[in-house]
Every structure is written in structure tokens, then in C-alpha cells.
Amino acid sequence: MLVLLPLPLALRSDFWLHFAIMTLYGALLGQAWNLLGGYGGQRSFGHAAFFGTGAYAAAVLQLRLGINPWLCLPLAALSGAAAAGVVGALSFRYGLRGSYFALATLAFAEVFRIVADSISLTGAGDGLQIPLHPSALNFQFTGRAGFFWTLWLMTALAMALAWWIENSRFGAELVAVRENEDAARALGVDPFRIKLLAALLSGALSGLAGAFYVQYFLYLDPRLAYGLEVSVTALLVPLIGGAGTVLGPLIGALTLRALDQLASAVTGDAPGLNLVFYGALLIAILAFVPDGLVSLGRRVRLRRAHA
Amino acid sequence: MLEIAGVSKRFGGLLAVDAASLTAERGAITGLIGPNGAGKTTLFAIIAGFLEPDQGSIRFEGEEIVGIPPHRLARRGLVRTFQIMQPFQGLTVRENIAVGCHLRLPNRAAALAGAEAVARRVGMEALLDQPAATLTIAGRKRLELARALATDPKLLLLDEVMAGLTPTEIAELLPVIEAIRAGGTTILMIEHVMAAVMSLAEQVYVLSDGRVIAAGPPADIVADPLVIEAYLGHGAAERLQRQQMGEVAGA
């Protein structure tokens, strides 16, 4: 991650800087999913519910209450966490696991989208436009470098969180719940509490990603906030890169972004076509490297050790 | 340490546990035996908080514990193992045991170090870095034991830790369990391997069709006609006795 820090100085072209930003953005969203889905094994199909709530919190708070966009960041994280807390508490209380949990989260995201589509607070179907006031104090940088560094910091925070999970009691208990919930209970782990905590962290990071999205594009509507594309990105990124690892989401985001770019270069901007590529890639990954791309590095090392 | 009084559990039309009562004395090893399907594992699940009994009372260290969830009981020092081993498949032996250690040790490094100490107690130190998924049956049984032991329990419920082991492996495990008791942990064990029950337990309860049909020192239990009938069928005790008499008369 540190290597990436001076990237804006090296990259003269706006195109590549945008590419780098979108990669980090994918990595942040993917890492958010990874905390709950990768380490905790609670695979959500509706992370848009948390992302969108964070995004709307950031947009609505600055538009309607005039709160400074920087201050909106932590508030968006809190909102994302709150949404995840509600969805998580309901799902985990009733013991939803596996595909049932995935379906429940998907349904929640859809409900949120329909609500955002119909109430005036969120601008309904017209969406919300953030007025252009370029100033670093206003979280609207004149160049892309400022966005890059801000996002770099958020992604680094997310990765630090993943690293902490790998080296703490909370993480050990979270992984234990993923591997075998009954055995974990017998050893004194409260699965409900652990899963809920993971959901809160995951929701907070998703909300943060949502707030960044709003500042970067200055526009939000129900489909962008709560659409399936966000949920799919959030889960594809870590699955491709390697779920339950610190580096997986970053590698997955880079792969996905590169593929996306390639797809639009080859086929033009046909809407929805990128999803076809996503699907094909996911099938290939699950068939040949089910533990994600990071496991390739491990395999090579093992082979060398054996040779 | 543990007093169970009149505990019953019904699954639909099946009365799995029928007014069972038993006591596990502090510092002792108490055995629980019985034919397959007698309700032993169900009773364990009830004691450890995984199932709620329909009736009856369970007192642990003098306090009623019915309705308390498993993780809270584990914190209070009541920990079970599983007859069908439930390792954390994707983790190494060390990481598996460390989950148990974390119950008392918040620090990650301390828990991992604690896992090594526990592994030595059960003779698994050579396997510490192996993934749990690659362990043999005997290895998994030991891992069940090690993980439970890592929580530093006051009362350990062992569900058939000897089942499926070779005689050599059983002989190796007996002193391990004896040492756990010597370390101050009370043990209640379900066991089919009679040699293990005979050499370890002070007191044995026999469960058949959900009911406690006999209780006493192991030597008395194996001679009890009711127990023999529970295992070998109605009239078996009488037949056995006649056979023995016949042999004596013939000799």
C-alpha cells in the first residue's frame, strides 16, 4: 500500500489516476465485505444496503443540514454501521446462514432502494445532485490526486482493520464461528455478538465507501446507491482476490478494474456487458482458483519449496 | 459440582431423556454408559445448554443453569466435547486450540503460547502446525479434548473421546485423562469403551431408553442384571446365569 502513495505524482494522465481511484474504491468496498463475508463467512448479497445508506447520509446531511462533507464521512460510516446493525441483528437473531442470509441481505437492499425511490428526503427517483464548490475544505478537490490520497487513507484503514482481525481474539473468534458455529459456542464464543460486531465494522467501511462515491461523482440516485451492481462488486472483489485475506480485496479490485477497462475497450460501452464479463470471470475463478488469486502466490511458493 | 434432577426431553413422539437424575462429584470422574440411542448425547447437549429440557433441574456449583446459553456456561467453566468431532477445518491445530485459550486470554500471542502448552498435555505438540482437516480420527479426538481443556474448565463433559481409537491409542489417552482430573478438573464422560470406564470412573450411571437404570461403582454396575439386559436384551441376564451354573455343574 505504501508503494502506491506517490502514485499521483508518477501518473500524469487523468485516465490512469481515475483507474487507480476506482481500483482503490473497489478494494475499500471489497474489504468491507471481506470483514463479514471473508473472515466471518456471512456472505452478504446486499452490501449496497450499507453502502447506499452511507452515501445517502453523506449527501442528505450536507444538502439539507449544510454539514461539512468531511464531517459527513464519520457520520456516513455510522449510518452504514447502523444499517448493517439492523440487517445483521435481524438475520442473526433468526439464525439465517448461508444462502438464506445472502437472500435476506439482497432483499434488504431492494427494500432500501424502493424506499429511496419513493421518499422526498432522498430526492426520490431524480436523485441528489451535490452543487459544485471545488475546495479541499469542502472535500471537492480540483484535481484527482486529492481524491486519491483521501481514498488511499481509507483503504489503508480498511486493510489495517483486516490485519487486526487476523491478529486478535475478535478475529480468532470470528473465524471460529465461520468454521463451525456449534464448536465455537461450546468454547465460550457468542456467535450472535461476534457476527454483529463484524457486520457493524463491515457496514461502517461500506458507508465510508458510499460517502467517498458521493464526493467523487457528486451525484446519487437510488439505483447507484442501492443497486445490485454495488453488491456484486463488493462480493466479487474479495472472492476473486481471496476472501479472508488482507491483500485479497486489493488484488481482486485491480483484476476486476483491469478487466472492466478491457471489456469497454473491446466492446464499447454497451450497458450491462461488464456484468457478463464479471460472471464469466467468477466462474473461471471458482473453477480454477477457488481460494482467490492470492492463493496462486502461495501455491508457487509451495511448489518451489518442494522442488 | 453437577446435580441433575428429573430431566426430561421429548422430540415429537420420542422421549429421549426420561426423568434422568445424576450427580457428578467435585474432583471425580463420573461415567455415563448405555446402549446406542439411550439418550446420553442428548443429556450432554442439555447440560451444556445446547438443548433446553422440557422438565427438570440442573445445578452447577449449586446454581440452576437451565436456560443459560452454551457460551455463558463455558465462561462459567462447564465445557463439552462433541462425539462427532467438530474441528475448525480450515485452521491449524494451534489455531484450533487457541480459540479455546481465548476464553481466558484476550491476548493473541498469549493464546497461541497457551495452545502449545495444552497440546503438550494431550500429546499433540508434533501436530501443532497441521491443518485440522488432515488429522486422523485419533488426532481429531485429541483436538476435541485439547480445545475443551484450553478453556480451563471446572467441569469437562467428554462425549466418547475413546470411540474409534485403537487399543494402543486408548492406552495412551487414559493417563492424559487421569492427569486432567489430577489437575483439579471434574469429569463427566460418556464412554463405550468399558475398559476406560472401569479404570477411570469412580461412579457410573447407566442410561437406557432415556432412564437412569443403575448407578454405582463400575465393578457393581457390570454385574447388575438390569444393565446386562439393557445391553443384551430381555432375559439375557438369566440366560447368562443359567449358562454359568451349567458350566459349574458340568465341571
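These legends describe close-up views of a predicted model. Residues are numbered from 1 along each chain as its sequence is written, while chains are lettered from A and ligands numbered from 1 in the order written. In this predicted model, local features need pLDDT of at least 70 and side-chain atom pairs count only at pLDDT 80 or more, but totals for chains, interfaces and linings use all residues.

**View 1. Chain A, overall build.** Chain A has 14 helices and two strands (DSSP runs numbered from the N terminus: H or I of at least four residues for helices, E of at least two for strands). Its radius of gyration is 19 Å, close to the 19 Å that the globule rule gives for 307 residues, so chain A is as compact as a globular protein of that length (taken over C-alpha atoms; the rule is 2.2 Å times the number of residues to the power 0.38). The C-alpha atoms fill a box of roughly 55 × 45 × 35 Å along the principal axes. Of the 307 residues, 49% count as buried (20 or more other C-beta atoms within 10 Å of a residue's own; exposed means 12 or fewer, partly exposed in between; C-beta atoms are placed from the backbone).

**View 2. Where chain B meets chain A.** 23 residues of chain B are in contact with 18 residues of chain A (C-beta atoms, placed from the backbone, within 7 Å). On the chain B side, α2 (70-76), β6 (78-80), α3 (93-101) and α4 (108-121) each give two or more residues. α2(B) gives the most, with four. By class, this side has 12 nonpolar, seven polar and four charged residues (Ala, Val, Leu, Ile, Met, Phe, Trp, Tyr, Cys and Pro are nonpolar; Asp, Glu, Lys and Arg charged; the others, Gly among them, polar).

View 3. Ala111(B), Gly114(B), Ala115(B), Val118(B) and Ala119(B) are the buried residues of α4(B). Seen down the helix axis, they fall within an arc of 145°, so they line one face (the arc of directions from the axis to the C-beta atoms). Their cover includes α7 (169-179) of chain A, together with α3 and α5 (137-150) of chain B. On the other side, Ala109(B), Ala117(B) and Arg120(B) are exposed. Gly123(B) follows α4(B), with a positive phi near 70°.

**View 4. The two domains of chain B.** Chain B is assigned domain 1 (2-216) and domain 2 (219-251) (bounds from an automatic or database assignment). Domain 1 of chain B gives eight residues to the contact and domain 2 of chain B gives seven. β9 (203-208) and β10 (211-216) of chain B each give two or more residues to the domain 1 side.

How values were computed:
Contact = placed C-beta atoms within 7 Å.
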